[in-house]
Amino acid sequence: MTLPLSDLTAVLPELIIVAAACLVLGLDPITPASRKDWLAWLSLVSLAVCAGVTSSQMHLRVSAFSDLVLLDPYACFWKLLLYLASGLTILMSLAYLRTERIHLGEYYGFILLSLCGMMIMVSATDLLTIYLGIELMSLSLYVLAGFKRFEARSLEAAAKYFVLGAFSSGILLYGISLLFGVAGSTRLAAIAAAVGSRGLDDPALVVALILLVVGFGFKIAVVPFHMWTPDVYEGAPTSVTAFMAVASKAASFGAFLRVFLEGLGGLKANWYGLFLVVCVATMVLGNVVAIVQTNIKRMLAYSSIAHAGYALIGVVVAGQTEAEGAVRTLGVSSVMLYLAVYAFMTLGAFAVVAMLRKGGLEGDEIEDFTGLAKRQPLAAFLMLVFMVSLAGIPPTAGFIGKFYLFMAAVKAGLTWLAVVAVLFAAVSAYYYLRVVMVMYMRDPEPVEGPLPRLAMSPAMTIVLASTLAGVILLGLYPNPLVSVTTYAVLSLK
Amino acid sequence: MSDPTIQTTGFPWLTAVVFLPLAGAVMLFFVKESLVRWTALVVALADLGLSLPLWLLFDPSTPRMQFTERVSWIASPSINYSIGIDGISLPLLLLTTFLTPLCVLASWKAIEARIREFMATMLIMETAMLGVFVALDLVLFYVFWEAMLIPMYLIIGVWGGPNRLYAAMKFFLYTLVGSVLLLIAILVVFFHGGQTFDMLLLSRVGYSPTVQNWVFWAFFVAFAVKVPMFPFHTWLPDAHVEAPTAGSVFLASVLLKMGAYGFLRFTLPMLPDATETFTPIMVALSLIAILYGAYMALAQADLKKLIAYSSVSHMGFVTLGIFALNAQGIEGAILQMVNHGITTGALFLCVGAIYERTHSRMIADNAGLARPMPRFATVLVIFALSSLGLPGTNSFVGEFLVLVGTFLWSQAAAAIAALGVILAAVYLLWMVQRVAFGLPDGHNTERLRDLNLREMATFVPLVVLVFWIGLFPNPVLTAMHASVNNLIEHVDLEEVSLAVPNP
């Protein structure tokens with residue numbers, strides 16, 4: 001069997017990333033310890049090249065490898081978002097890894113491999129290919145989560161993540177195999193054709209549907225499949241946490257939307273109610289539990305759960321059977337918009353947390369932010385903007401993201417859901433503002449000797465400047481992002 | 001009405017007025033520490049100067065929006081940067097630009113820590129507040145409305161008193177919960193009103209009774225928290241007591257007006273049927289606020305708390321006037337919004353001046369100030385008399401109009417509201433008696449400095465306004481006639497044929 005060239009161009013970005021990952025891993029042993037930065041810059045160059053390639057493919061719609069992957073604007077949108085998240089993660093890691101004394105070359109290799117898995121997830125149109133993408137992503141993340149190998153918490157996080165991740169992958173695989181039994185294929189199109197006409201008459205289909213919900217529920221970390229998130233987010237190195245919270249969540253949502261809307265779209269009357277419950281439960285639990293957290297990474301973990309809940313509003317709207325196609329499409333595009341906005345504000349918040357990290361002493365507890373506005377006014381201001389944006393207050397991007405989700409909900413006749421969501425967004429303001437309060441309204445403890453220095457670097461400056469610019473500019477002028485998501489949205493029947 | 005807007009000038013005048021303070025706030029970070037106060041003052045005065053021509057060029061004969069500007073902001077859904085003013089927003093806009101320089105002056109010495117950030121926050125606040133009064137697009141309105149929360153939260157929380165953390169968070173959460181429901185209501189109106197966020201277009205749509213009722217209560221929560229109407233007022237005394245003087249002035253003089261403005265701009269024109277249905281409830285809540293606020297004010301030993309509760313009472317008059325739903329009531333309410341801004345703002349400035357000297361806001365610690373501080377005592381008496389509505393001062397005109405309006409709606413309601421006027425006289429005169437003329441109670445108030453030049457500069461403009469509006473209210477009233485009449489016609493209520501009295 002020969003591969004046509006068109007198939008290869010369809011996965012060109014994936015190929016570049018794999019090549020770059022191999023190159024990074026291969027060069028690592030011969031790179032002196034003081035020059036590991038070069039591997040980071042090499043990874044960034046590969047990301048930049050991929051971004052160029054993917055942008056040029058944005059208008060294409062190519063099915064490759066006999067329908068295993070589909071290169072469409074939808075996939076390209078997610079890929080671009082993933083490049084952005086990976087690039088910012090790598091930039092953020094440079095100084096942070098050095099502070100933590102874990103500056104090893106394979107870190108960048110694993111980030112790239114994980115990214116490659118995510119890219120496969122968002123462009124695959126076959127359940128097994130999606131599964132392969134998920135596994136590639138997850139295996140790399142298990143390693144990354146335990147990267148602080150001298151620290152018990154990090155190892156615990158890795159072990160926990162691995163066990164629960166493997167478990168959920170197994171559930172997902174089981175669901176896929178049952179679906180294969182019903183539909184006779186793992187291609188989404190074939191599954192759609194098989195289930196579309198019959199509804200839920202087959203018990204195997206019921207079980208398969210539930211297993212897929214559980215499997216994907218774990219990956220996007222929604223209630224009640226969220227248990228792993230706080231521990232893993234807390235224990236993992238902060239840069240990895242940021243990467244998981246943003247990139248892995250975005251990729252999982254990308255695959256999740258495609259599977260449920262394209263493959264299982266015919267069953268939307270059946271999964272709609274399920275997601276409605278999950279959506280409300282996630283918003284409630286994520287926001288309420290976040291209030292009592294004292295560790296900023298745990299708090300951000302619960303906040304990321306809550307944000308997945310908001311994003312699910314868009315999924316619920318897309319599954320609303322009575323709504324017309326345009327409304328359901330708005331639901332999907334608002335999920336895409338929300339995750340893009342979420343990427344900027346979450347990466348920014350984690351970058352500030354990473355920046356405050358000083359050799360295992362500080363930066364993880366909310367108390368450590370006490371009086372930051374006096375010690376580090378700029379860092380405090382950045383954190384203020386990210387917190388305000390996460391709380392969804394204008395004129396930041398977080399407001400725009402929520403605005404479109406709520407608009408979709410109201411348009412689909414789910415006004416009550418929007419009301420629940422805004423009320424819990426108001427609850428979330430409490431814990432986000434607590435960080436602001438600690439930074440601005442409490443005086444710092446008098447410290448002996450010189451003030452501790454921030455883990456600052458030119459690369460970190462780029463991260464903070466670009467996330468800040470993203471949060472402010474998208475808040476003031478969201479038009480470009482809105483048109484991209486409208487252009488790249490899945491076409492719903 | 002063929003065209004609801006008229007273009008008076010080619011220059012984007014309103015944009016300049018709204019965003020000049022923001023530009024000034026940015027500028028503050030680039031000037032020397034010693035020049036921060038002066039820069040802030042110059043910016044605030046420049047903005048006042050820029051806003052005065054709006055009044056001179058304003059055409060009072062038309063209810064249409066003036067000085068309008070419109071630029072597309074977000075393409076899908078169509079959200080516009082659409083601004084303009086009419087007779088309802090003009091007085092509030094001018095009130096805001098007028099008070100900001102006074103707030104800057106009042107913070108000259110009172111704020112020592114992080115003065116640069118403080119002045120910048122104040123100027124950002126000014127932009128957000130002005131934006132609320134000029135926005136003609138619902139989403140734009142909402143953005144300004146919410147954007148104001150963070151600066152106010154910081155003003156209370158960073159520069160406030162001992163219990164500032166609690167007060168700041170309470171203020172923030174109360175107002176946020178109110179305003180998030182506003183967002184949903186805006187979206188509901190959007191989809192039922194023909195997919196536009198244009199306030200003027202949305203006001204011409206007849207909504208179904210169910211939609212009107214739901215949206216009415218969502219709007220109500222948002223605006224009632226801001227006003228604050230009973231029973232949503234509990235954040236106000238805390239916020240006022242803890243906020244620095246300038247924060248209290250902004251809070252009392254401008255922020256509270258935003259709620260009442262919301263009723264006038266949204267609830268009345270968009271939801272006329274629901275408004276009529278629920279008017280008795282609104283009037284009842286207003287009456288409770290008038291009496292309860294006054295009653296609570298009687299019991300306060302803390303000057304700021306006293307004035308805070310008097311605000312609840314006075315704002316009760318404003319909402320009462322609005323929901324009397326006739327020209328007298330609404331014009332009285334708008335005038336009373338301005339008056340309350342001037343008088344209560346001034347009273348908070350008085351407390352600030354005392355606090356700077358004695359570091360206590362307790363009435364007992366500040367007894368008998370007339371002897372050491374005659375100028376101060378004069379000012380305090382003037383504002384207290386104005387606050388209780390003495391004829392010849394500004395509040396008399398406003399309260400009189402509100403009472404006339406209420407009388408036309410229900411004589412019993414007017415009678416109850418009049419009790420509030422009497423109670424106001426009791427608690428204010430009692431306060432003045434103790435603070436100005438009481439016997440010093442072991443506390444050494446003998447050697448206190450009287451008001452200095454800077455402080456006189458903050459009070460004199462306010463005194464002038466008190467008497468000007470009190471004796472010649474027509475310039476202010478004329479500006480709002482056309483807009484108010486249009487509003488009333490729009491709400492489709494029978495206009496009561498009683499000429500607006502000219503006191």
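## Polar contacts and salt bridges between the chains

In this predicted model, seven residue pairs are in polar contact between chain A and chain B, with both residues of each pair at pLDDT 80 or more. The count of salt bridges between chain A and chain B, by contrast, is zero.

## The side of chain A that touches chain B

Six helices of chain A each supply at least two residues of the side that touches chain B, namely H15 (372-375), H16 (377-390), H17 (397-411), H18 (415-441), H19 (458-476) and H20 (479-488). Of these helices, H18(A) gives the largest share of that side, with 14 residues. Sorted by class, the side of chain A that touches chain B has 29 nonpolar residues, three polar residues and four charged residues.

## Extent of the interface

The size of an interface is often given as the accessible area lost when the parts come together. Between chain A and chain B the buried area is about 3000 Å², and carbon and sulfur atoms give 81% of it. On the side of chain A, the residues that lose the most area to chain B are Phe403(A), Leu433(A) and Met441(A), which together account for 20% of what that side buries. Counted by residues, the contact takes 36 from chain A and 34 from chain B.

Within chain B, strand S1 (residues 66-74) pairs with S2(B) in the antiparallel sense over six bridges, and the two strands form a hairpin with four residues between them. At one position of this pairing, Ile74(B) stands opposite Ile79(B) in S2(B).

Strand S2 of chain B (residues 79-85) is largely enclosed by the rest of the structure, because seven of its seven residues are buried. In a regular strand the side chains alternate between the two faces of the sheet. In S2(B), Ile79(B), Tyr81(B), Ile83(B) and Ile85(B) point one way, while Asn80(B), Ser82(B) and Gly84(B) point the other way, and all of them are buried.

## An enclosed helix in chain B

Helix H10 of chain B (residues 235-242) has eight of its eight residues buried, so this helix, too, is largely enclosed by the rest of the structure.

Technical notes. Residues numbered from 1 in each chain as written. Chains lettered and ligands numbered in written order. Predicted model: local features only at pLDDT ≥ 70, side-chain atom pairs only at ≥ 80, totals over all residues. Heavy atoms only, no water. Contact = heavy atoms within 4.5 Å. Buried area = accessible area lost by both parts, 1.4 Å probe. Salt bridge = Lys/Arg side-chain N within 4 Å of Asp/Glu carboxyl O. Polar contact = N/O pair within 3.5 Å; in protein donor to acceptor, adjacent residues only side chain to side chain. Nonpolar A, V, L, I, M, F, W, Y, C, P; charged D, E, K, R; others polar. Buried < 20%, exposed > 50% of the residue type's maximum accessible area, 1.4 Å probe, protein only. Pairing = 2+ DSSP bridges.
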